[in-house]
Amino acid sequence: MARPADILGQQGKSLSMPKKRMNIATSCNDRYARLVFVNLLNIHEILCQTYDVHFYLMQSEISEPTLAALTDFADGLDLTFYNVHVTERAMFESMSRYARAPDIERFFDAACHLFLPKDIDRVLYVDTGDVLFLSDDYGFYFRDFKDKSLLVTTYWRLPEDPLDFDQFQHLGGGFNSGHILINLERLRARGLRPQHYANYVERWAAHIPGKEVLYVGDQGFLTAFFAGEIGKIKKKNRYNVKVVDLNGQTPDMNPKSIHLNAMFGNIKPWQVPFTSPQDLDRLELAVETINPKTQTPQRYFTGYENSCILTWWDFCARTPVYEELKRKSLRDMTLLRLMSQRISTQASALRDLIT
């Protein structure tokens, strides 16, 4: 099966020219730390011939053996790896308390200016594991913020008033937070400190007393906290392409990066069980939902989407965690449970229709 095009875009670059610096960060707990190996190798192979990449892993509880293995692996790559140990937990616990999210690490993007080096003015934050770079022609990183704190590529609703809490009801988020350019210089200039985040959450909770869940993860929180401070680029762009929107079709222009999210209940590549690549070609799921972009029934694990999953596993295969993650994929029951739930829901709806 063909892989997404443009992953060899770095060929032909002059090695004599000085490289521009690119700061990339992710954050996770110990459960997802092994996926950082895939981030590192993907960035090394696609971006590092063109850019001087500094990669920051923000974490508060990853085990020492895993950190040591990541450091050793990164030493053999053409990038600079940093383990950023976050000791400030109180404000993040306050933020996660009202979220439909079990961990605090996903919120590190919101306040990363507090613990990333003071001499860097911007950072591209990406989700751990499920974002793949496909091209080294990555101009998005160098875009003008236009006096905004964040710059995003995929968005659907961006409120302007952070204190109009009523507008955030039922808002899971207004943009995709798995790929954000963060203006560290502006966040520092705004003087944002831990108490600003904690106070904001408490003010929001007081406005809607008794509501246990105010937002969905960091995506919902960022949309509200940075309302009015979020810049965007035109919607049809080649950055952070969500392959599920393509409904299996090949994109009309080669993506520079893809986001492997929202696949059949947000299944990730490492949760798709297979023993050989041909298994994916035989796996196709269709649902009753109509894809708004193609106006056809939504299909998963077919065509271009499968080729992207295989590309992810191609990178993973060249890391020390490949065999472990492949074994886990065969034992992962997430996809089976989601399929069973959908079958049960459809069967129940059919019974109701008959009776």
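In this tour, buried means under 20% relative accessible area, exposed means over 50%, and partly exposed lies in between (1.4 Å probe, protein chains only). The model is predicted, so local features need pLDDT of at least 70 and side-chain atom pairs count only at pLDDT 80 or more, while totals for chains, interfaces and linings use all residues. Residues are numbered from 1 along each chain as its sequence is written, and side-chain values use heavy atoms, with hydrogens and water left out.

**First selection: Arg-299 and Glu-284.** Arg-299 is partly exposed, at a relative accessible area of 30%. Its side chain forms a salt bridge with Glu-284, with 2.9 Å between the closest N and O atoms; the term denotes a side-chain nitrogen of Lys or Arg within 4 Å of a carboxyl oxygen of Asp or Glu. Glu-284 belongs to the loop between helix H7 (278-281) and strand E11 (285-291), and Arg-299 to strand E12 (residues 296-300), so the pair ties together parts 15 residues apart in sequence. Helices (H or I, at least four residues) and strands (E, at least two) are DSSP runs, numbered from the N terminus. Glu-284 is also partly exposed, at 43%.

Arg-186 sits in helix H4 (residues 184-189) and Glu-229 in the loop between helix H6 (217-225) and strand E8 (230-232), so parts 43 residues apart in sequence are tied together. Are these residues buried or partly exposed? Arg-186 is partly exposed at 26% relative accessibility, whereas Glu-229 is buried at 12%.

The structure holds 13 salt bridges.

Val-272 is 60 residues from Asp-332 in sequence, yet their C-alpha atoms are 7.9 Å apart.

Strand E2 (residues 51-59) and strand E3 (residues 80-85) pair in the parallel sense over six bridges; pairing requires at least two DSSP bridges between strands. Gln-59 has His-85 in E3 as its bridge partner.
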